[in-house]
Amino acid sequence: MKIFKTAEALHTERIKLSNRHISVGFVPTMGALHNGHITLVQQAKTSKPYVITSIFVNPTQFNNAQDFELYPISVEDDLNQLEAAGCDAVFLPSVEEIYPPGYVAPVYPIGYLETVLEGAYRPGHFQGVCQVVDRLLQIVQPNEMLLGRKDFQQCKVLEKMVELKQYPVQLTFVPTLRETDGLAMSSRNRRLTPEQRRLAPQLYQSLILIKENIDTNDTRYIITNEINKLEQSGFKVDYLQLASANDLQPLQQWNGENAVLLVAAYLDKIRLIDNIEIAAKSAR
Ligand code: AMP
């Protein structure tokens with residue numbers, strides 16, 4: 001597995017690959033890798049002969065300085081996991097490599113998508129996500145980019161950014177990998193205390209319960225009920241909301257369309273997110 005620390009070195013490799021007509025799959029990450037990340041790499045390997053993973057904790061997408069400072073870093077362990085998964089190359093840039101002196105951050109007109117849910121609670125977050133992925137796409141020039149559905153809104157935002165910039169890259173959204181008790185795998189799970197770790201799967205249990213009852217019950221009532229249960233267990237819920245899976249417009253009531261239930265909640269200072277998709281009645 002090759003390791004590239006500069007955009008220039010990676011660019012040289014990219015030209016060699018292009019000359020040999022080898023197409024490239026790309027998995028952007030912030031490191032502290034777990035099996036959720038690794039499934040993206042493995043899936044990339046099934047469709048592309050050469051897979052590049054980036055590890056870069058992007059400062060511009062953290063709206064909370066402490067969350068950035070406490071973000072877990074485990075590069076050596078990450079590299080071992082990537083090597084075992086068959087990753088071909090890792091891009092490990094410095095901040096200056098991604099944002100060189102003189103870099104002027106563009107403003108991405110992603111509109112409504114950055115005003116709701118994560119966008120409402122983390123101002124500026126999605127502009128930061130667009131900045132870093134835009135730079136990475138310019139440097140890596142992949143044929144396919146794989147993103148996790150765990151960050152459902154991020155998938156929508158990046159789909160929009162790729163469309164705005166007209167990048168010729170195929171996007172693949174990979175289902176969320178979970179622990180056996182249902183907790184969505186996340187780098188932030190490492191920071192949970194044993195007691196918080198015991199509570200954390202309740203988020204997914206709430207999503208499941210709402211989904212199972214959505215056809216027969218008043219949506220607002222069951223959602224409010226689950227928010228109350230979570231708060232009583234010690235979560236501080238930012239949102240637990242039903243939205244259209246197409247454009248993330250909020251839905252007060254499920255009327256049989258493609259929808260997604262999204263949740264973000266704190267356990268003390270650790271913010272966890274999750275979601276579950278609800279297929280349209282017509283697709284059942
Ligand atoms: P991150 O390092 O958190 O920025 O995540 C890098 C990529 O891995 C993003 O596309 C995430 O959506 C994806 N990802 C994170 N956790 C999971 C998971 N549990 N299952 C599938 N993909 C995930």
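# Salt bridges, a ligand and a few local details

In this predicted model, Asp274 forms a salt bridge with Arg178, and their closest N and O atoms are 2.9 Å apart. Asp274 belongs to strand E9, while Arg178 sits in the loop between strand E6 (170-174) and helix H9 (194-199), so the pair links distant parts of the chain, 96 residues apart. Both Asp274 and Arg178 are buried.

## Other charged pairs

Side chains of opposite charge can pair when their charged atoms come close. Across this model, the count comes to 15 salt bridges. Strand E9 (residues 270-278) turns up again in the pair of Arg149 and Glu277. Here the closest N and O atoms are 2.8 Å apart. What about exposure? Arg149 is partly exposed, with a relative accessible area of 26%, and Glu277 is partly exposed too, at 29%.

Glu195 is partly exposed at 42% relative accessible area, whereas Arg198 counts as exposed at 55%.

| Asp274 and Arg178 | 2.9 Å | E9; loop between E6 and H9 |

## Around the ligand

Which residues come nearest to the ligand? Out of the 16 residues around it, those are Met30, Gly148, Asp151, Leu177 and Met185. For Met30, a backbone N or O atom lies 2.9 Å from an oxygen atom of the ligand. For Asp151, an N or O atom in the side chain is 2.6 Å from a ligand oxygen. Leu177 has a polar backbone atom 2.9 Å from a nitrogen atom of the ligand. The ligand taken alone exposes 490 Å², and the protein buries 93% of that.

Where does the shell around the ligand come from? Strand E2 (24-29), helix H2 (35-47) and strand E5 each supply at least two of its residues. Helix H2 gives the largest share, with 3 residues. By type, the shell residues divide into 8 nonpolar, 6 polar and 2 charged.

Thr29 is in strand E2. With a relative accessibility of 9%, Thr29 counts as buried. A polar atom of the Thr29 side chain lies 3.0 Å from the backbone nitrogen of Gly31. If you leave out residues up to four places away in sequence, Thr29 touches His37, Thr53, Ser54, Ile55 and Phe56.

Have a look at Ala32 as well, in the loop between E2 and H2. Most residues other than glycine have a negative phi. Ala32, though not a glycine, has a positive phi of about 50°. Ala32 is buried, with a relative accessible area of 1%.

Gln141 also has a positive phi of about 50° without being a glycine. Gln141 lies in the loop between helix H7 (125-140) and E5. Is Gln141 buried or partly exposed? At 40% relative accessibility, Gln141 counts as partly exposed.

Finally, find Ser206 in helix H10 (residues 202-213). Ser206 is buried, with a relative accessible area of 4%. Its side chain makes a polar contact of 2.9 Å with the side chain of Glu226. Setting aside neighbours within four places in sequence, Ser206 is in contact with Glu226 and Leu230.

Notes:
Residues are numbered from 1 along each chain as its sequence is written. This is a predicted model: local features need pLDDT of at least 70, side-chain atom pairs count only at pLDDT 80 or more; totals for chains, interfaces and linings use all residues. Side-chain values use heavy atoms; hydrogens and water are left out. A salt bridge is a side-chain nitrogen of Lys or Arg within 4 Å of a carboxyl oxygen of Asp or Glu. Helices (H or I, at least four residues) and strands (E, at least two) are DSSP runs, numbered from the N terminus. Buried means under 20% relative accessible area, exposed over 50%, partly exposed in between (1.4 Å probe, protein chains only). A residue is near a molecule or strand if one of its heavy atoms lies within 4 Å of it. A polar contact is a pair of N or O atoms within 3.5 Å; within protein, one must be able to donate a hydrogen and the other to accept it, and residues adjacent in sequence count only if both atoms are side-chain atoms. Accessible areas come from the Shrake-Rupley method with a 1.4 Å probe; for residues, only the protein chains shown count as cover. Ala, Val, Leu, Ile, Met, Phe, Trp, Tyr, Cys and Pro count as nonpolar, Asp, Glu, Lys and Arg as charged, and the others, Gly among them, as polar. Contact means heavy atoms within 4.5 Å.
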